[in-house]
Every structure is written in structure tokens, then in C-alpha cells.
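Please read the following note with the coordinates open beside it.

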Amino acid sequence: MQYALVLFLKKDYQKSLNLAELGHQRNAEDPVFDRLLLYNNTELEKYENAEKAADDLFNHSKDPKFQYQDYIYYGYALNGLGKTQEAIAQFNIALQKNANLPGINKQISDAYAHINDYDNAIKYYEIYVNSLKDNPENRAYELYQLGRLYWRKGISGRDGNDMTEEQRNAIEKAARVFGEVTVLRPNSYLGYYWQAKANGLLDPEYKKGIARPYYLKAIELLEQSGESKEQLIECYKQLSYYYYVKKEYDASVTYARKIQALDPDDDYAKQVIETVKK
């Protein structure tokens, strides 16, 4: 049992499952083995086996002392079987039974995000963020996560550059939340980078250029820190494209060459430089 629990925490789900199955054969009413069967089968996307394990845990185990994660994992398993409303019911049980547990709203938000129900994910994450003590560092991180939820809602089911009004509203809210992150963490590129990306979706043809100042700030901080070569290249590409659209070809090529300095084989940079030469 202890070894299976350790393996689960180390995310070695198959080995943990194998041990839990042996334990279950020897003691079919032990709630810990039933719990491990539910959790591991869910993580391995063996949802039918997980549903059976949930039935054993909730209906046939001895003195189970249910945990809120039991309901959340059962919800994940049900959602994996396409039983979304039943999954939501389990998440609600987890919340009702543990309403005063610190961080439970974050857990419930994560559960909803797991099944792509972004409205509820945002709802419960906002409750969680509003409950935090006034710690700027911690609040900045949690606001960043909230902004990402709005972002995911905005891009979910998106068709090309077209967005529904609801998607646009979500991206606008994401941009505002990422702006709050920049206020709390002005020396971190993350808030500026994601604010730029959100504004880029709101102005995909760069007619207004509302993403440009945030990409510039993100570049400044990324160049200073030496963080994330991949994201620095993306910032360079966006500004190269912006200047290309504006027919400011020298500036466009300048950023293309910055890309090549980091990745000499980048196809976008080669294409821009060759096109401008012609």
C-alpha cells in the first residue's frame, strides 16, 4: 500500500496501479486500494475501470472516510466516459462537503478546466483569487492563471481569426488580467508577453498595433534575463510581421535577423529576408 501511494505521488501510475490491483485482490474492501485504482485508472485514461473502482470505493469499501479528491477523480472518470453532467455533479459534491477547505475553489476550478467548462472554471478561480491575502507575489501568479483561463475560453472552438462576441469578451478580460500581472510583477516578461498575445488576437491584422508595445516590453525583459529563447523568438516574429504589414521593411528585416541570431534555420526569418530583397 505505501509503495503504491509513493509511486502514485511520483506519477508512476502504471506501477502504482499494478500494486493496487494486487492489494485489492487480497483485500477487496480496503478503501485505499479502491482509491488508488480510481486515481491511477483515471490518470491512465482507463475510464471504465476507474468507474468500477469508484463504485467499489463509494459502495463496497469498509470505513472509507471520503476525501474531496475522490469526488473530483470520479468526476474526471465520468467525463472521460462522456458523462459530463454526472461529472459536474461529483465536483459539486466535493465543494459542498469541503466548502471551508483552503484552496477548494481552486481545485474545483481545475476540475472544470479539465473538462473544458471554462465558465465554471473562471467562476471558482475568481472566488479563490478574491480569498487570497494581500501578497503581491502570490497574487500575481494566481492572476496569471486566471488570465490563462480567460485565454483558453477565448480560443476554444475558434475558427481562424473569427471570434464570437463571447470569445472576444474573454480575450479582452484576459488582456486586462495580464495587465494586472504586469503591475504586480513589472520585472517579469510573462504579463507583458501574454498581454501582447491577447491584444494580438483582438487586432490580428495589426491595423491598430495594440500588441506592439507589450511585445517590445517583453523583448526588453527577455533580452535582459536570458529567459525563454522560444518566446523571445515569437516576440521577434510578431514585431517583424507587424513592420512588414506596415511596409517598414528595414525594421521587419532587423527583427528577422534577430531571429536568425537565435535560430539560423528559422524558415520565417529566411522568408522575410528573401521577400524583402526581391
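This is a predicted model: local features need pLDDT of at least 70, side-chain atom pairs count only at pLDDT 80 or more; totals for chains, interfaces and linings use all residues.

1. Residues are numbered from 1 along each chain as its sequence is written, and side-chain values use heavy atoms, with hydrogens and water left out.

2. Helix 2, residues 13-26, has 14 residues and spans 20 Å from its first C-alpha to its last, close to the 20 Å expected at 1.5 Å a residue; the expected span is 1.5 Å times one less than the number of residues. Helices here are DSSP runs (H or I, at least four residues), numbered from the N terminus.

3. Within helix 2, the buried residues are Tyr13, Ser16, Leu17, Ala20, Gly23 and His24, where buried means under 20% relative accessible area and exposed over 50%, with partly exposed in between (1.4 Å probe, protein chains only). Because they cover an arc of only 125 degrees around the axis, they sit on the same side of helix 2; the arc is that of the directions from the helix axis to the C-beta atoms. The cover over these buried residues includes helix 1 (2-9), helix 3 (31-43) and helix 4 (47-59), whereas the face turned away from the buried side carries the exposed residues Gln25 and Arg26.

4. The axes of helix 5 (residues 68-80) and helix 6 come within 7 Å and cross at roughly 170 degrees, the axes being lines fitted to C-alpha atoms over the stretch in contact, with angles from 0 to 180 degrees between N-to-C directions. That makes helix 5 roughly antiparallel to helix 6, a label for angles over 145 degrees. By class, their contact has 10 nonpolar, four polar and two charged residues; Ala, Val, Leu, Ile, Met, Phe, Trp, Tyr, Cys and Pro count as nonpolar, Asp, Glu, Lys and Arg as charged, and the others, Gly among them, as polar.

5. Where is glutamine 90 placed, and is glutamine 90 buried or exposed? Glutamine 90 belongs to helix 6 (residues 84-97) and is buried, with a relative accessible area of 12%. Leaving aside neighbours within four places in sequence, glutamine 90 is in contact (heavy atoms within 4.5 Å) with Tyr71, Tyr74, Gly75 and Leu78.

6. Tyrosine 242, in helix 13 (residues 229-245), counts as buried at 13% relative accessibility. Apart from neighbours within four places in sequence, tyrosine 242 is in contact with Tyr206, Gly209 and Arg212. Of these, arginine 212 is 30 residues from tyrosine 242 in sequence and 7.8 Å from it in space, C-alpha to C-alpha.

7. In helix 15 (residues 267-277), Ala269, Val272 and Ile273 are buried. Seen down the axis, the buried residues of helix 15 fall within an arc of 95 degrees, so they line one face of the helix. Helix 13 and helix 14 (249-262) are included in what covers them, and the face turned away from the buried side carries the exposed residues Asp267 and Gln271.

8. Two loop residues deserve a look at their backbone. Asparagine 116, in the loop between helix 7 (104-114) and helix 8 (118-130), has a phi near 65 degrees, a positive value in a residue other than glycine. Lysine 247, in the loop between helix 13 and helix 14, has a positive phi of about 65 degrees although it is not a glycine, and lysine 247 is exposed, with a relative accessible area of 61%.

Definitions and conventions
Angles under 35 degrees count as roughly parallel, over 145 as roughly antiparallel, 65 to 115 as roughly perpendicular and the rest as oblique.
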